[in-house]
Amino acid sequence: MDFFTVLKKRHSVRLFGDRTVEGEKLQQILEAINRAPSAGNLQAYEVYLVRETQHRTALVKAAGDQEFLAQAPVVLVFCTHAARAADRYQNRGMELYCVQDASIACTYAMLAATALGLSTVWVGAFDEKAVHEIIAAPGDERPVAMLPVGYAAEAPRIRERRDLKDLIHEVQ
Ligand SMILES: Cc1cc2nc3c(=O)[nH]c(=O)nc-3n(C[C@H](O)[C@H](O)[C@H](O)COP(=O)(O)O)c2cc1C
């Protein structure tokens, strides 16, 4: 799929079917994640792959009953790993770059999934402590985004965007 078509076709989906995500497609998504840029190429983030039903069901509860987290066969959890950015960038690395690194990685995963005919929705509303426990992450990592990946069982709602003239500010 052409890159600009991918951008146009990506919409949040919140109803997934039973069909599993093919291993080859999942691998392509994971490789896309690993191509994402990061501050100083330090990759100050970690990605957790959640496939077990019991864990996905626990994620639903941790995310205020967002049921689609259990419907999608795969959920990727993106965590910051501040320590990886600390030595080189100190506070800016620990407070900002690691969050940006994890967010870009999640964005790459979304776009790769779309290009492969899969659907996703970025999930940011969740109890961080509960998610941290479910994925059994080390203490210094912070979950910042979850991404259920699967085949859509609904036509996505197309959300309007602001006008470019309102959004873009040319600096004179
Ligand atoms: C940081 C962030 C957090 C989000 N959190 C949630 C969430 O917890 N649950 C949800 O259903 N959608 C969530 N979304 C998805 C947005 O609602 C969605 O991207 C937005 O409405 C635009 O729609 P679109 O993705 O179809 O273009 C989140 C998106 C972002 C970028």
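A polar contact is a pair of N or O atoms within 3.5 Å. The views below show a predicted model.

View 1. Gly-124 contributes a polar backbone atom, which is 3.0 Å from a nitrogen atom of the ligand. The protein buries 65% of the 620 Å² that the ligand exposes when taken alone.

**View 2. The shell around the ligand contains 13 residues.** Those that come nearest are Ser-12, Arg-14, Gln-66, Trp-122 and Arg-161. By type, the shell divides into 5 nonpolar, 4 polar and 4 charged residues.

**View 3. An open sheet is formed by 4 strands.** Their order is E1-E2-E4-E3, and the pairing is antiparallel. Strand E1 (45-50) and strand E3 (119-120) stand at the edges with a single partner strand each, so one side of each has no neighbour in the sheet.

**View 4. Strand E3 is joined to strand E4 (residues 141-150) by 2 bridges.** The two strands run antiparallel. Thr-120 has Val-149 in E4 as its bridge partner.

**View 5. Helices H2 and H5 are shown with the sheet.** Helix H2 (residues 23-33) lies across E1, strand E2 (74-81) and E4, and runs at about 15° to E2. Helix H5 (residues 83-115) packs on the sheet and touches E1, E2, E3 and E4. The direction of H5 makes about 160° with that of E2.

Key:
Residues are numbered from 1 along each chain as its sequence is written. This is a predicted model: local features need pLDDT of at least 70, side-chain atom pairs count only at pLDDT 80 or more; totals for chains, interfaces and linings use all residues. Side-chain values use heavy atoms; hydrogens and water are left out. Two strands pair if DSSP finds at least two bridges between them. Contact means heavy atoms within 4.5 Å. Axes are lines fitted to C-alpha atoms, for helices over the stretch in contact, and angles run from 0 to 180 degrees between N-to-C directions. A residue is near a molecule or strand if one of its heavy atoms lies within 4 Å of it. A polar contact is a pair of N or O atoms within 3.5 Å; within protein, one must be able to donate a hydrogen and the other to accept it, and residues adjacent in sequence count only if both atoms are side-chain atoms. Accessible areas come from the Shrake-Rupley method with a 1.4 Å probe; for residues, only the protein chains shown count as cover. Ala, Val, Leu, Ile, Met, Phe, Trp, Tyr, Cys and Pro count as nonpolar, Asp, Glu, Lys and Arg as charged, and the others, Gly among them, as polar.
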